[in-house]
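Please look over the structure below and follow the report alongside it.

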Amino acid sequence: MIKNVMHGRFMKLFPFLLWWPRVNPGTLRSDFLAGLSGAIVVLPQGVAFATIAGMPPEYGLYAGMVPAVIAALFGSSWHLVSGPTTAASIVLFSALSMYAEPGTAGYVTLALTLTFMVGIIEVILGAVRLGALVNFISHSVIVGFTAGAAILIASKQINNFFGVPIPRGGHVHDILIEFVQQIPNINPYVTTVALLTLLSGIAIKRWYPRLPYLIIAMLVGSLTAMLLNTIWGAETTAIATVGTLPSTLPPLSSPDFSLETIRNLAPTALAVTLFALTEAVSIGRSLGARSGQRINGNQEFIGQGLSNIAGSFFSGYVATGSFNRSGLNYQAGAKTPLAAVFAGLLLMMVVLLVAPLAAWLPDAAMAGILFLVAWGLIDFKEICHILKGSRRETSIMAITLFGALFLELEFAIFAGVILSLILYLERVSKPRIVTRVPDPRLPKHAFSSASDIPQCPQLRFLRIDGSLFFGSVNHVEDAFARFAANYPEQKHLAVVAEGINFADLVGGEALVKEAKRRKALGGDLYLVGVKQGLWDSLEQCECIDNIGDRNVFHSKKVAITAIFQKLDKSICSTCSARIFRECATIRKVEN
């Protein structure tokens, strides 16, 4: 017993030991190639994200090194890759630009401090097991969010794909409107590079799936750009490249731990934390749904927190799950979190050894690659399944999808989650309530909900499928009142409680209220088939005492035998229904 407990604690401290047995030569090769693809992709993205965040360009690369490794080792997802993201960069800039000039040393220090604070909050949330919050992100939210983010990824690469200037930061409709205006200015050389990259990636993935199609597609795009530049000249083609990057490892850094700085950044840190965790776990769950993996929300919180704490001391600003690189990681065939570890380590090597060569990597080739990634992220089969299966789930998916396209990503997730909760509460607030009666046509006169079976004139059986809580009490009380008004002669009511899991204080009081009302009329209320959870909750609020423990039965057979003794036998003697076996003991009197 003690050994098992110690083993469990050890695995929590070192969660990478859980997936380490899955590592073999085959997965190592797949993970290495996926990591190499991710390391190459993050080169232009990191620089762009750092610029958006108001940080020096190299800090975008630093945020994709140490944080990616730590998050992979101590997180839960097999495919999630952490690092800088567009949304996190925008939030960082809007929050810190009021305190310091972007790009300055003071601004960088504030960014490192905010990153440290976000990490601490994330670890605390994971440690107190608030990872269950991600359970409120339904599958339809994930599908809609994934599709919306994929379209967003592709739309933001239109400028690089066609070589036209489009302002950054716009929503999908803004980008499309701007692109339509720029159609006459499409650069044919840039578009050729992007198209050949895209088509070569599609062809290799279809006909040679075992080859690293993303890397080969990048090489095809780079060679095409070199050929076009050689023939027509770089000034004519205007094919933009990533450019020369600094060849340095992330230097050690230190956040500002002064109370004033912490007080100023506290509200921002909390907001960034909630957004970053929602984004990271949403991405992890969306990829987990594709790969068949269950995500441990608590562990993912801790992994993300540790990655940001470590990043704050290695010149990295706020890192969270990256949809671009996580999607690329999955599409490239990653099998274990080692792919993300390789991505972080290889990025260090790329920056040290081949950073000057990044000058040959065209932005158009990167756009073609990200078009491939975006297409692969859209789960058309599941979208069709949701559209055909449920209007409720379709509305949730649609709200999340269009929210991602026309609002901000974090708002799209929140909107989907809130709508999921509203529809869920609306559903559970109206438990199914049906009349049950013994059916002579069924074996052993089993209970049925058929409407053509005669009812006992004194006793009605009602089955309630759903818990009794403050949100559902009004619906249940309306049903009680409706039956009382329509069938006043049925003074005895037996509630079949096999479908009731629990009752809160308000739900218990509703049962007590109905019991008192029926007793005043000469009848009573009975509970049949009470589950342990319902019994415990009713007993805790002392409702069992008010209803009467003798009015609670474990089966319908026992309930009928006991309740029959309380019925008015003069009514039984003239009754023609005779639906219970006990009715045979009463001599029928002809009118």
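In helix 26 (residues 556-564), the buried residues are A559, I560, I563 and F564. Buried means under 20% relative accessible area, with exposed set at over 50% and partly exposed in between (1.4 Å probe, protein chains only). Viewed down the axis of helix 26, these residues fall within an arc of 120°, so they line one face of the helix; the arc is taken from the directions from the helix axis to the C-beta atoms. An α-helix has 3.6 residues a turn, so residues three or four places apart point the same way. The buried residues of helix 26 pack against helix 27 (569-573) and several strands, among them strand 6 (492-499) and strand 7 (524-528). Contact here means heavy atoms within 4.5 Å.

The model is predicted: local features need pLDDT of at least 70 and side-chain atom pairs count only at pLDDT 80 or more, while totals for chains, interfaces and linings use all residues. Residues are numbered from 1 along each chain as its sequence is written, and side-chain values use heavy atoms, leaving out hydrogens and water. Helices (H or I, at least four residues) and strands (E, at least two) are DSSP runs numbered from the N terminus.

An open sheet is formed by 6 strands in the order 4-3-5-6-7-8, with mixed pairing. Strand 4 and strand 8 stand at its edges with a single partner strand each, so one side of each has no neighbour in the sheet. Two strands count as paired if DSSP finds at least two bridges between them. The table gives two of the pairs.

| Strands | Sense | Bridges |
|---|---|---|
| Strand 5 and strand 6 | parallel | 6 bridges |
| Strand 6 and strand 7 | parallel | 5 bridges |

R463 has V496 of strand 6 as its bridge partner, and V496 stands opposite V528 in strand 7.

A cavity is a set of points on a 1 Å grid over the protein atoms alone where a 1.4 Å probe fits but cannot get out, and lining residues have an atom within 4 Å of a point. The largest cavity holds about 90 Å³ of space. Of its 13 lining residues, C456, P457, C572, C575 and C583 lie nearest the centre.

Note on methods. 1 Å grid on protein atoms, 1.4 Å probe; cavity = no way out; pocket = protein on both sides within 12 Å on 5 of 7 lines; lining within 4 Å. Points joined across faces, edges and corners; volume = space filled by probe spheres on them.
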